[in-house]
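Please consult both while reading the points below.

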Amino acid sequence: METMEAQLKKVWFEPERKSVEKATTELISAQKDNYFSDNKKSIQPEVQNTIEKFLEDYKKEKKR
Amino acid sequence: MKITRLKMINWRRYYGEHDIKFAVDKKRNITIFYGENNGAKTSLMCAIKWTFFGTLTSDLSNPKNLVNDDAQKENINKCSSTIFFSHESNDYKITRTYYQETKKNEFLLWRVIDGLETSEQNGDSFIRNIFPKEICEYFFFQGEGKSHLQKHLTNKNNSIKKPVQDILGFQIAEKLRASLKRYISDIEKENDGYNLTDKKQKLIDKIKIITDALEDQRKKVKDKEAYLETIKKKKIDTEKKLDKIEDDFPDCKDIVTKIKIFKDDIEGKKKSIELAKNDAYHVIYKYGWVIFSQEFLGKTYDHIDDQIIKGELPGDHNVNFLNNLIDAGICICDRKINSEQADILEKKKATTITQVVQLAVQDIVAKRGLIKSKSSEAPKKVKDVQSKLHKLREELVILKDNYDVLKLDNEELQNIGYSDLLKVVENTEEEIQKEGGGLKVLKDDLEEIIEKEKVAKEEKASMQEMTPKVTENLLRISFAQEVIKYIDDYLAKANQEIKGYILSEINSYLSKYDKSNNSVEISDEYTVAFSEGGSGSGHSSIYALLITCVMISLSIKRKDVKDPILRSSAEFPFLLDSPFGELDEGKRRQLPQLLQPVAEQLIIFVSSTQLTEMEKELLKEHIGKQYLLQMHEIGDKTELFETPLKAGGKSFDRTLYNQVRKTTEIILID
């Protein structure tokens with residue numbers, strides 16, 4: 001049975017998926033928007049949403 | 001980016017309105033402000049910084065007093081500063097106004113197209129975006145060791161890591177990293193809330209204890225049941241043996257029963273006799289004297305009178321009475337008269353009656369009437385109790401006789417163990433009852449333990465239901481950590497790549513302009529080490545300026561960089577407040593060559609003595625505008641300074657006042 005680490009690597013680091021890179025870019029973009037906004041708010045929901053999205057990807061991949 | 005114009009109204013030492021135009025020509029891009037010490041040079045530089053960023057330089061004196069003193073005396077409680085600037089082929093105007101009463105300031109931005117000003121929304125965020133404060137700080141250089149970069153160079157690590165990271169635009173990524181760490185911390189707390197490992201282990205331990213206890217209890221129940229079976233079997237075996245005996249002795253049951261009955265009857269009879277005796281004693285006690293007296297009187301009354309009773313009893317009567325007693329062998333109180341007592345009575349015959357008897361006779365005589373009245377019933381009652389007692393005694397004798405017969409049969413049965421077997425059956429039955437009760441208690445306890453085990457197992461099962469949630473949280477943490485790692489790797493790579501560039505730029509400047517063979521080393525942690533080759537004063541100051549120049553040029557080069565993680569850098573005019581102050585003459589001459597190529601626009605604040613004609617000659621072809629910041633001391637005039645103020649090739653008279661306050665005028669030098 002594959003370890004959790006191996007599964008994660010498969011899902012998050014496959015060259016064509018580049019999940020971590022994609023997530024980082026998305027989060028940086030959100031952080032930038034917030035940084036330059038006059039109405040600053042917590043970035044935490046954005047972080048949470050992005051990670052939940054990739055968690056769903058992981059679950060789908062695991063099912064496959 | 002170039003600042004084209006600055007308009008101040010009642011700003012600090014600048015009373016009223018001051019309008020300054022800056023050198024913007026590509027070749028003549030330097031604007032110089034000459035001012036005396038304490039001549040409001042820093043105030044002017046601060047006006048630019050404050051207008052853009054709302055902050056002041058750290059060395060500004062009395063930073064809370066922004067509105068000009070003279071203006072305040074005229075009840076003007078606000079000041080403002082307006083800057084016109086061009087950025088990427090667009091013109092802008094910004095104004096920051098400070099309200100003394102509320103201590104608040106207001107910022108406005110306009111876009112200027114063909115002289116027409118259009119107000120823009122979100123001016124602050126626009127400025128933050130194109131001129132990040134944390135980067136632009138490095139464009140403000142203060143020669144007396146108070147500039148932003150010099151603070152990093154004078155700290156104990158002598159490290160420029162933070163400035164480099166500022167210029168590279170690490171801020172966004174660092175903020176994101178902090179957010180991710182907070183996210184991880186929250187998730188970890190959530191998992192800690194489950195405290196799963198510890199709780200689960202405790203529960204497993206608890207279940208084990210319960211299971212062990214359950215096993216132990218089950219064993220106890222099993223042992224008890226086995227023992228119960230053993231004694232039940234023993235009882236059955238014994239009963240079989242009894243059956244066999246009963247087959248051989250058909251009457252044995254009857255004998256055993258009868259023996260028991262007889263035993264009980266004999267005991268009962270003995271008790272009845274005891275009771276009857278008590279009744280007899282009671283009756284005799286009550287009627288004893290009556291009977292005695294009746295008999296006594298019946299036989300002796302005629303012979304007794306009061307006169308003679310004092311003497312001896314008539315011998316005949318005495319003899320007869322005692323003879324009667326001896327013959328009956330029993331006293332009227334029903335006590336047997338044994339041979340010894342009979343001998344005593346025999347000896348008493350024909351002897352003098354005792355004084356006691358005489359007194360008793362006297363008493364009987366005295367109670368003659370009473371004795372007479374009871375004489376009819378007393379003998380009958382005594383007779384009845386005696387008769388009952390006698391009958392009981394006879395019955396007892398018969399019972400004993402019968403019992404003796406049965407006893408023989410019973411002894412025979414005992415010899416073959418019948419009674420023992422019966423006892424065994426009786427004892428085992430008792431034990432079965434007792435052990436059965438014990439078994440019930442054990443079974444009840446067992447049920448309780450089973451219930452406890454069920455509850456603990458249910459709790460464990462519900463905990464296992466939580467496990468997927470915990471696992472998911474671990475995945476979330478893992479993913480967030482990977483993003484952090486990605487960011488860290490990216491930043492580390494950027495850090496490393498830029499180090500080489502900074503080092504080569506610094507040493508390139510040194511080789512061009514410094515003839516002392518000085519060099520600079522930068523460690524992986526960006527600790528700066530200067531070589532020992534330099535001499536003269538202002539050694540560290542020129543290095544600080546040199547590094548600032550490199551940082552600024554790096555920032556300008558990166559201003560259009562599109563990077564997925566790092567934010568782009570910025571370009572800003574290079575403002576220098578007294579950069580020559582601590583330098584010796586040799587280094588001052590290096591300075592113009594060092595400064596000029598750095599930025600598109602230079603704004604320099606100096607005292608006339610710092611920038612001599614010789615250095616100015618080197619900058620000459622790049623100077624576009626020159627201003628004198630002439631300080632006026634207001635008060636009682638006393639005398640002229642002996643030496644006039646020289647600036648821009650001209651002389652200006654100075655007057656010394658017994659001053660109470662100062663104001664500064666800005667004079668354009670042609």
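The model is predicted: local features need pLDDT of at least 70, side-chain atom pairs count only at pLDDT 80 or more, and totals for chains, interfaces and linings use all residues. Residues are numbered from 1 along each chain as its sequence is written, while chains are lettered from A and ligands numbered from 1 in the order in which they are written. Chain B holds 18 helices and 16 strands; helices (H or I, at least four residues) and strands (E, at least two) are DSSP runs numbered from the N terminus.

**Chain B overall**

- Of the 670 residues of chain B, 28% count as buried; a residue is buried if 20 or more other C-beta atoms lie within 10 Å of its own, exposed if 12 or fewer, and partly exposed in between, with C-beta atoms placed from the backbone.
- Among contacts in chain B between residues at least 6 apart in sequence, 71% join residues at least 24 apart; two residues are in contact if their C-beta atoms, placed from the backbone, lie within 7 Å.

**The six-stranded sheet of chain B**

- Chain B contains an open sheet of 6 strands in the order β2-β1-β4-β5-β6-β7, with antiparallel pairing; two strands pair if DSSP finds at least two bridges between them.
- The edges are formed by β2 (14-21) and β7 (116-120) of chain B, each of which has a single partner strand, so one side of each is left without a neighbour in the sheet.
- On average, and with direction ignored, neighbouring strands of this sheet are turned by 20 degrees against each other; axes are lines fitted to C-alpha atoms, for helices over the stretch in contact, and angles run from 0 to 180 degrees between N-to-C directions.
- Within the sheet, β4 (residues 78-87) and β5 (residues 90-99) of chain B are joined in the antiparallel sense over 10 bridges, and C79(B) stands opposite Y98(B) in β5(B).
- Helix α3 (residues 123-130) of chain B packs on the sheet and touches β4, β5, β6 (104-113) and β7 of chain B, its direction making about 75 degrees with that of β6(B).

**The side of chain B that touches chain A**

- Contact between the chains involves 26 residues of chain B and 23 residues of chain A.
- On the chain B side, α3, α7 (171-194) and α15 (418-513) each supply at least two residues, and α15(B) gives the most, with 10 residues.
- The residues on this side of chain B comprise 13 nonpolar, 5 polar and 8 charged; Ala, Val, Leu, Ile, Met, Phe, Trp, Tyr, Cys and Pro count as nonpolar, Asp, Glu, Lys and Arg as charged, and the others, Gly among them, as polar.

**Buried elements of chain B**

- All 6 of the 6 residues of strand β3 (residues 30-35) of chain B are buried.
- Both faces of β3(B) are covered, with I30(B), I32(B) and Y34(B) on one side and T31(B), F33(B) and G35(B) on the other.
- In a regular strand the side chains alternate between the two faces of the sheet.
- β3(B) pairs in the parallel sense with strand β12 (residues 602-606) of chain B over 5 bridges, and the bridge partner of F33(B) in β12(B) is F605(B).
- In helix α6 (residues 161-168) of chain B, 6 of the 8 residues are buried, so the helix is largely enclosed by the rest of the structure.
- The buried residues of α6(B) are P163(B), V164(B), Q165(B), D166(B), I167(B) and L168(B), and just after this helix G169(B) takes a positive phi of about 80 degrees.

**Individual residues of chain B**

- Most residues other than glycine have a negative phi.
- N122(B), in the loop between β7 and α3 of chain B, has a positive phi near 50 degrees and counts as partly exposed, with 14 C-beta neighbours inside 10 Å.
- S578(B), in the loop between β11 (574-577) and α17 (585-595) of chain B, has a positive phi of about 50 degrees although it is not a glycine, and S578(B) is buried, with 22 other C-beta atoms within 10 Å.
- V455(B) lies in helix α15 of chain B and counts as partly exposed, with 13 C-beta neighbours inside 10 Å.
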